[in-house]
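Student: I have a model open and want to go through a few spots in it. Can we start with how you count things?

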Amino acid sequence: MRLLFLGDIVGRTGREAVLSRLPALREKLALDLVVVNAENASHGFGLSPAIATSLLQGGVDVLTLGNHAWDRRDLIGHITSEPRIVRPLNYPPGTPGQGSVVVELADGRKALVVNVMGRLFMDPLDDPFRCMNELLNKHRLGATIQAAIVDVHAEATSEKWAMGHMLDGRVSLVVGTHTHTPTADHRILASGTAFQTDAGMCGDYDSVIGMTKEPAVTRFVRKMPGERLQPAEGEATICGIMVETEDATGLARRVAPLRQGGLLAQTLPDF
């Protein structure tokens, strides 16, 4: 199975870049499944139902969220009827939506997509490690599912690494989101799981993590609230990671980063 995960979409330019490039990428890379983190897609904060629909109709198979999941209150009702939008698994019981989804491809193969949120320097949610262990007791890679992607929405690199090693050999890909900066450590771990600490963002990198520079810089310089942060609207780079899995095991055979458009060095998987 050929899987593509794209990091946090930030604002209009990030959305437009994903929607304009994804059809050609799906064809060129022969992608079976595309997962995108969309928790910043609506003007940098949250995800609206209308934008979710446009992304799902535009070639994305599953949307994951994070700490901005509920910034758009209109998503609360929508998420209960749209299983392809996945909020963090470790929200408390009774939270609307679901933390995972099993997607069935046209050929009958199944892929599990999971979203968990870290706890270091973030909201004190339930234990993401325990939640992942409980979930994977219900799914077996290479048997009940043919692939599994875990989006770890977390601040601390150590927490993402720890999750990667705990899940090594049990899922196809563990990839971090939230910091909006692509890391250079994409690799296949010892037991066959692909890993990258952070996929980066789909947005304008002439910015402060996707937001216009001046107001963001002023907040650090003056240490006072300023004008509301706005997404930067220059040309976006779409950032992510592609994995090709073994059919028999669901583990990673090849992994490579993807960066297209905008300011960052360009790279496209060649498998």
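Tutor: Contact here means heavy atoms within 4.5 Å. The model is predicted, so local features need pLDDT of at least 70 and side-chain atom pairs count only at pLDDT 80 or more, while totals for chains, interfaces and linings use all residues. Residues are numbered from 1 along each chain as its sequence is written, and side-chain values use heavy atoms, with hydrogens and water left out.

Student: OK. Where does G46 lie?

Tutor: In the loop between β3 (33–37) and α2 (49–57). Helices (H or I, at least four residues) and strands (E, at least two) are DSSP runs, numbered from the N terminus.

Student: Buried or exposed?

Tutor: G46 counts as buried because its relative accessibility is 0%. Buried means under 20% relative accessible area, exposed over 50%, and partly exposed in between (1.4 Å probe, protein chains only).

Student: What is G46 in contact with?

Tutor: Leaving aside neighbours within four places in sequence, G46 contacts A38, E39, N40, A41, H68, D71 and R72.

Student: And L47?

Tutor: With the neighbours within four places in sequence left aside, its contacts include A38, L63, L75 and I85. L47 is also among the residues with the most contacts inside the largest nonpolar core, along with L4, L63 and I85; that core has 36 residues. A nonpolar core is a set of buried Ala, Val, Leu, Ile, Met, Phe, Trp, Tyr and Cys residues joined through side-chain atoms within 4.5 Å.

Student: Which elements supply at least two residues of this core?

Tutor: Among them are β1 (2–6), α1 (11–28), β13 (238–245) and β14 (252–260). There is also a second, separate core of 22 residues, which includes V103, A111, A147 and V175.

Student: Switching to α5. Which of its residues are buried?

Tutor: In α5 (residues 157–167) they are E159, K160, M163, G164 and L167. These residues are on the same side of α5, because they cover an arc of only 140° around the axis. The arc is that of the directions from the helix axis to the C-beta atoms.

Student: What do they pack against?

Tutor: The buried residues of α5 pack against β7 (110–117), α4 (128–136), β8 (147–153), β9 (173–177) and β11 (194–196). Just after α5, G169 has a positive phi of about 90°.

Student: Last one: where is T95?

Tutor: T95 sits in the loop between β5 (85–86) and β6 (100–104). T95 is buried, with a relative accessible area of 17%. Its side chain reaches the backbone oxygen of P92 at 2.8 Å.

Technical notes: A polar contact is a pair of N or O atoms within 3.5 Å; within protein, one must be able to donate a hydrogen and the other to accept it, and residues adjacent in sequence count only if both atoms are side-chain atoms.
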